[in-house]
Amino acid sequence: MSEQAKKPGRGLKIALALSLAVNLAIVGLVAGTVIGFGPMGERDDPRLRALGLGPFAMALSREDRAGFGARIDRATVRAERRALGEGLNDLRQALRTEPFDRAAGAAALARMRDATVTLQTVSHDALLDQIAQMPVADRAALADRFARALRRMGGHRSPG
């Protein structure tokens with residue numbers, strides 16, 4: 001056998017690494033959904049985490065989550081989640097091309113990035129609208145739950 005036949009090409013190595021990264025991201029999302037719990041043991045809503053709310057997904061009360069959910073434009077969320085899925089499919093196809101189609105991979109990742117930014121913008125605006133209508137005591141309670149969520153997520157210390 002020739003030396004060329006024994007060694008996988010650089011493109012194949014890149015494709016395998018990207019495939020592994022995508023698979024690990026999917027496993028992480030599924031595992032996060034399965035093991036994620038919110039305040040007082042409540043199951044947190046994976047839809048909130050998928051919208052880029054991070055520790056706020058755990059800190060919002062049930063009522064705040066309902067108010068937040070009512071503020072979200074569901075059509076935009078559906079369209080952007082569909083764009084994310086299509087981006088993943090495009091990336092999968094780019095991984096399978098030989099030689100690796102870097103431009104197609106970059107376009108797929110850009111499509112997913114744009115969809116993620118849109119989802120985060122929609123959710124962050126809805127979150128700020130929800131917080132703005134909260135009474136002072138409710139905002140203080142949210143701040144306390146948020147500080148606890150930050151500590152659980154990574155040992156962040158909150159001032160005061």
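**A guided look at the helices**

Visitor: In which helix is the place of A17?
Guide: Let me first say that this is a predicted model, where local features need pLDDT of at least 70, side-chain atom pairs count only at pLDDT 80 or more, and totals for chains, interfaces and linings use all residues. Helices (H or I, at least four residues) and strands (E, at least two) are DSSP runs, numbered from the N terminus. A17 falls within residues 10–35, and that helix is α2.

Visitor: Does A17 count as buried, partly exposed or exposed, and what decides it?
Guide: With a 1.4 Å probe and protein chains only, buried means under 20% relative accessible area, exposed means over 50%, and partly exposed lies in between. A17 has 47% relative accessibility, so this residue counts as partly exposed.

Visitor: How far apart in space are A17 and L95?
Guide: Along the sequence, these two are 78 residues apart. From C-alpha to C-alpha, the distance between A17 and L95 is 9.6 Å.

Visitor: How many helices does the protein chain have?
Guide: Reading from the N terminus, the elements run α-α-α-α-α-α-α-α. There are zero strands, and the number of helices is eight.

Visitor: How are α6 and α7 oriented to each other, and why?
Guide: Axes are lines fitted to C-alpha atoms, for helices over the stretch in contact, and angles run from 0 to 180 degrees between N-to-C directions. Angles under 35 degrees count as roughly parallel, over 145 as roughly antiparallel, 65 to 115 as roughly perpendicular, and the rest as oblique. Here the axes are 8 Å apart and the angle is about 160 degrees. The two helices are therefore roughly antiparallel.

Visitor: Which residues does Q130 touch, not counting those up to four places away in sequence?
Guide: Q130 is part of helix α7, residues 102–132, and its 4% relative accessibility makes it buried. Contact means heavy atoms within 4.5 Å. By that rule, Q130 touches D64, G67, F68 and R71.

Visitor: Are α5 and α7 roughly parallel or oblique to each other, and why?
Guide: D64, G67, F68 and R71 in α5 meet S123, A126, L127, D129 and Q130 in α7. The axes of α5 (residues 62–71) and α7 come within 9 Å and cross at roughly 130 degrees. The pair is therefore oblique.

Visitor: What is F56 in contact with, leaving aside its neighbours within four places in sequence?
Guide: F56 is among the residues with the most contacts inside the largest nonpolar core. Its contacts are L127, I131, L142 and F146.

Definitions and conventions: Residues numbered from 1 in each chain as written. Heavy atoms only, no water. Core = buried A, V, L, I, M, F, W, Y, C linked by side-chain atoms within 4.5 Å.
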